[in-house]
Every structure is written in structure tokens, then in C-alpha cells.
Amino acid sequence: MTRQAPMKYTWTNWSKLQRATPAKVETPWTSTQLQRAVREAIAQGSRMKAIGAGHSFTGIAVADDIQLDLSRYTGMVALDPVRRQVTLRAGTRLWQIPQLLADTGLALQNLGDINRQSIAGAISTSTHGTGLTFGGLASQVVGCELITGTGEVLTVSQDHHPELLDALRVTLGAFGILTTVTLQLVPAYDMHTVERHAELDWVLEHWDDLNTDHDHFEFFWFGHDREVITKASTRLPVSHTRPTRMARLRERAVDEVVMNMTLAGICQLGRVKPGWVPHLNRLATLGWGSSTRRAHWSTAFTSDRRVRFNEMEYALPFAAIPEVLAELRQLYRRGEISSTYPMEVRSAAADTAWLATNHGRRTGYIAVHQHFSQDHRQYFARIEPIFRAAGGRPHWGKLHSLTAQELATLYPCWDHALALRDELDPNRVFANAYLTRVFGT
Ligand SMILES: Cc1cc2nc3c(=O)[nH]c(=O)nc-3n(C[C@H](O)[C@H](O)[C@H](O)COP(=O)(O)OP(=O)(O)OC[C@H]3O[C@@H](n4cnc5c(N)ncnc54)[C@H](O)[C@@H]3O)c2cc1C
């Protein structure tokens with residue numbers, strides 16, 4: 001389970017923006033191996049960083065010294081059907097969870113756009129989907145086990161140290177290595193989803209109603225266009241009539257053509273012909289089309305994202321979304337910003353986790369993307385001050401420029417979080433450059 005990293009081993013994240021050349025890679029299969037690996041790192045005075053699926057855009061998972069690869073530390077540890085709770089090994093990928101729950105009649109409460117992430121990686125960065133009465137993945141956490149920077153095993157649940165749950169549900173990987181995560185499940189459900197075109201102005205005018213009228217609402221906007229694509233979903237009891245294999249294949253083919261092939265073509269064309277981007281935005285919106293579908297929760301939320309991009313996303317006060325988007329539209333109209341990739345606008349309920357991006361307030365999220373082959377820096381730098389002026393908090397796994405000084409003003413429990421980190425990882429075993437920047441120590 002331990003391997004000296006081969007001479008040329010270079011790890012990259014999904015978007016290939018972040019790189020690491022760790023001296024050693026640990027790939028534990030068992031909890032004994034995992035605990036031994038962490039304790040050895042502590043004893044040697046080395047730094048260790050766990051990686052999940054490497055789907056963060058920031059350098060949050062960069063391991064300089066020892067990389068702890070949890071891709072083999074997966075699966076279910078326990079299921080409590082009475083409390084409807086499941087305990088998973090930290091490396092379990094989100095796509096594995098529906099299979100693990102297949103015969104239980106239980107489901108995750110909410111999911112984001114994709115399911116490639118590990119459960120520990122997803123909760124550590126406050127990964128979220130959409131829905132004004134739902135939190136992100138971390139909101140579903142009711143317990144976890146953590147190996148701290150002093151080598152102790154800390155178990156937190158509704159029965160043990162419940163006061164630490166809010167501190168440990170979102171940690172950026174800085175407080176210890178999560179070994180297990182316990183999630184609160186709900187009865188399985190279907191989703192009825194309608195995607196359609198709408199005028200941006202109309203959506204902004206009805207932003208509040210659209211989010212309260214549907215269980216899950218979001219929209220995609222190619223910034224030069226006056227229309228957006230809305231996606232509204234309603235939760236329903238599980239139907240025993242399933243779509244035929246043919247219907248499922250057709251849906252996947254449409255997704256593949258729209259989300260991946262067309263977008264890839266448009267991004268490539270926009271790179272060589274920047275003047276065409278407004279027309280390409282229009283084409284992309286039209287090509288998206290409208291659709292209505294009913295699907296089991298396990299397939300309803302996520303899709304495959306194969307067009308590589310870089311991303312910045314901010315969590316804003318829910319009510320600020322229309323005004324902020326109106327400002328972005330001005331920048332687009334004046335030709336100050338441009339992208340062939342759509343923005344994504346979502347919502348979430350408030351959470352009590354100290355470092356959750358939706359801490360203490362109903363939240364609206366705006367994500368902006370740039371194709372990986374194009375320089376994202378100017379685009380993000382022009383938009384970020386607008387997000388910041390509206391009181392935005394950056395997604396921990398997505399690109400941003402903030403440092404500890406600015407972040408401290410955005411999180412009411414910031415000082416408590418720093419103090420707990422000092423206690424749990426006094427020697428900064430789990431630190432890296434990104435964490436030192438955002439925590440300032
Ligand atoms: C195509 C794409 C789509 C995305 N869609 C969404 C979306 O819809 N919503 C959203 O909010 N985000 C989204 N993201 C961002 C993504 O969900 C987060 O960055 C998430 O953290 C990635 O999970 P991961 O398993 O890859 O973690 P990694 O990026 O590998 O790691 C993230 C952090 O978790 C830590 N970590 C991992 N395992 C452990 C452990 N066992 N113990 C302690 N710390 C640990 C790492 O050290 C690191 O600090 C998307 C990213 C991509 C590339």
C-alpha cells in the first residue's frame with residue numbers, strides 16, 4: 001500500500017491546472033493501514049494530503065510530501081435502516097452510493113452536477129447542488145471519524161461530541177484525515193425535470209418564485225444571450241414503471257451531444273474566432289433544446305462533463321442574485337468579458353456548518369467557467385470584485401483570489417475554526433500552500 005512515487009510521478013487535478021510531485025504515495029485498503037500511514041507521517045514530521053477524485057480546481061488537494069490516495073478505501077461500513085443513516089469509507093465515490101443503497105429504498109437528499117467526487121472530498125469543500133430547501137452534501141452529514149494531526153481518532157456523531165459536528169462537516173481537509181462519513185438519508189424518490197428556454201429578464205424577475213415553486217431550480221446562461229436554459233425539478237414518489245432502455249439511451253445520447261460534443265466544438269471555435277462568441281452563445285442556447293423527463297434520484301441530478309474547463313463560483317446572499325447578474329450582463333454588453341461556456345446559477349438553504357459556503361444564510365450560487373484551453377484569469381478577475389461587493393464567499397474547491405484576512409470577515413465562526421485547527425493539527429501535518437493562504441497560518 002505504500003509506494004515511493006516513481007521518479008516522474010506527477011499528479012494533476014481534473015482541469016490539469018494544478019500539479020503535484022509527491023515524494024511518496026500511500027494507498028490504504030484497510031483502516032489499520034490508513035491509521036498507520038497517517039501516524040507514520042506524523043512521526044516522521046512529514047506533510048500529508050488526502051486526495052479524493054482530484055476534481056477541485058484550486059490547489060486544495062496538492063500534496064508536496066505524502067499523497068494519501070483513498071481511491072481503494074471505499075464502500076459501506078454500516079447502514080442503520082431505522083435512523084435511515086449510512087456510514088461510508090471516506091474514499092467512496094458519489095457514483096458508488098446509489099449502488100450501495102440499491103436495495104434499501106433510501107436515497108441521498110441532494111447532489112451536484114456530477115458524481116465523480118469522493119464523499120470526503122465533496123463535503124470538505126462544501127460541494128452543493130441546487131434547491132432552496134436543501135443544503136449541500138455537508139448538510140447531510142450526521143457523523144464522521146477523523147484522524148487528527150496528533151494521531152488520535154476522533155469520532156463525532158449525534159451521540160458523541162455532537163458539538164463538533166458543525167466544525168467538522170466542512171474542513172477543507174485541514175483538520176485531519178476523514179476515515180468515515182455518516183449521512184442522513186431520505187426515502188428514495190423520482191424527479192420530474194423540465195428544461196426550457198426563458199428570457200433572462202423574466203427569470204431574474206421571478207427568481208424567488210421559481211426557487212420556491214420547485215424543489216430544485218437552476219439555470220444556465222451563455223452571457224451574450226438574452227435567453228437562458230432553466231431546469232426545474234419536482235420530487236415524486238418512486239414509480240415502478242421505468243423508462244425503457246431505448247429511452248434512457250436516447251436521453252444519454254442527447255446529453256452527450258448537447259453537453260459535451262456541441263459545447264466542445266463551440267469552445268474550440270470561440271478560441272480561434274473570439275469575435276464569433278456572441279453568435280456561438282446564441283447557437284449554444286438554441287442547441288440545448290427543451291425536454292421533460294422523469295428519472296430515479298440516482299440518475300436525475302448528475303451528468304457527464306467531458307469538456308474540460310476552469311471554474312470560479314461564489315456563494316451570494318440569495319436575494320442578491322438578480323442584481324449581480326444584471327451587472328454581469330452589463331459587462332457582457334460592453335464587451336468587457338466573454339466566454340463560450342455557460343454560467344450556472346443555483347440556490348441552497350442555510351447551513352450551520354462553520355465553513356459551509358451557505359453558512360447562516362439562504363444562498364444563491366453563480367458559477368463562471370472558461371474552457372481549459374483559454375486563459376481564465378482575466379475573465380475571473382473582472383467578475384470577482386462584483387461577487388465580493390455583494391458579500392460573496394468563494395467555493396473552496398473553485399478558483400478565487402481571497403486570503404485569510406478577507407475570508408475572516410465572511411465567516412462568523414472563523415476564529416473558532418482557526419482555534420480548532422490549532423488544536424487538531426498543531427504541527428500542520430495536513431497543510432499545503434493553498435490552506436496556508438486561506439487560513440493565513
Ligand atoms: C466537472 C466538475 C463538476 C463539478 N460540479 C460541482 C457541483 O455541481 N457543485 C459543487 O459544489 N462543486 C462541483 N465541483 C467541485 C467539486 O465537487 C469539489 O471540488 C470537490 O471537492 C471534489 O471532490 P474530490 O473527491 O475530487 O476532492 P479533491 O479535489 O481530491 O479534494 C478536495 C479536498 O478534500 C480533501 N480530502 C479528500 N479526502 C479527504 C479525507 N479523507 N479526509 C480529509 N480531507 C480529504 C482534500 O485533501 C482536499 O482538501 C465540480 C468539479 C468538476 C471538475
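## An open antiparallel sheet

Five strands form an open sheet in the order β7-β8-β12-β10-β11, with antiparallel pairing. Its edges are β7 (76-80) and β11 (153-156), each of which pairs on one side only. Neighbouring strands in this sheet are turned against each other by 10° on average, direction ignored. The structure is a predicted model.

Asp 80 stands opposite Gln 85 of β8. Arg 89 lies over the face of Tyr 73, 5.8 Å from the ring centre.

## Strand β20, enclosed

How many residues of strand β20 (residues 363-371) are buried? The count is 9 of the 9, so the strand is largely enclosed by the rest of the structure. In a regular strand the side chains alternate between the two faces of the sheet. Thr 363, Tyr 365, Ala 367, His 369 and His 371 point one way from β20. Gly 364, Ile 366, Val 368 and Gln 370 point the other way. Both sets are buried.

Strand β20 has antiparallel partners. Strand β18 (residues 309-317) pairs with β20 over 9 bridges. Here Pro 317 stands opposite Thr 363. Strand β19 (residues 343-348) pairs with β20 over 5 bridges, also in the antiparallel sense. In that pairing, Arg 346 has Tyr 365 as its bridge partner.

The charged end of Arg 308 sits over the ring of Phe 372, 4.0 Å from its centre.

## Aromatic pairs

The structure holds 20 aromatic pairs. One of them joins Trp 207 and Phe 318, which are stacked at 5.1 Å centre to centre with 25° between the planes. Trp 207 lies in helix α6 (residues 207-213), and Phe 318 in the loop between β18 and α10 (321-333), so the pair ties together parts that are 111 residues apart in sequence. Both Trp 207 and Phe 318 are buried.

Tyr 379 and Phe 380 form another pair. Their ring centres are 5.8 Å apart and their planes meet at 40°, so the pair is tilted. Tyr 379 has 4% relative accessibility and therefore counts as buried. Phe 380 is buried too, with a relative accessible area of 5%. The cut-off for buried is under 20% relative accessible area.

Ring pairs also build a cluster. Its members are Phe 175, Trp 396, Tyr 411, Trp 414 and Phe 439.

Helix α8 (residues 277-288) has 12 residues. At 1.5 Å a residue, α8 should span 16 Å. Its end C-alpha atoms are 16 Å apart, which agrees.

Which residues of α8 are buried? They are Val 277, Leu 280, Asn 281, Ala 284, Thr 285 and Trp 288. These residues cover an arc of only 140° around the axis, which puts them on the same side of α8. An α-helix has 3.6 residues a turn, so residues three or four places apart point the same way. On the other side of α8, His 279 and Leu 283 are exposed.

Key. Residues are numbered from 1 along each chain as its sequence is written. This is a predicted model: local features need pLDDT of at least 70, side-chain atom pairs count only at pLDDT 80 or more; totals for chains, interfaces and linings use all residues. Side-chain values use heavy atoms; hydrogens and water are left out. Buried means under 20% relative accessible area, exposed over 50%, partly exposed in between (1.4 Å probe, protein chains only). Helices (H or I, at least four residues) and strands (E, at least two) are DSSP runs, numbered from the N terminus. Two strands pair if DSSP finds at least two bridges between them. Rings of Phe, Tyr and Trp (its six-membered ring) pair if their centres lie within 6.5 Å; planes under 30 degrees apart count as stacked, over 60 as edge-to-face and the rest as tilted. A charge sits over a ring if NZ of Lys or CZ of Arg is within 6 Å of the ring centre and within 35 degrees of the ring normal. Axes are lines fitted to C-alpha atoms, for helices over the stretch in contact, and angles run from 0 to 180 degrees between N-to-C directions. The expected span of a helix is 1.5 Å times one less than its number of residues. The arc is that of the directions from the helix axis to the C-beta atoms.
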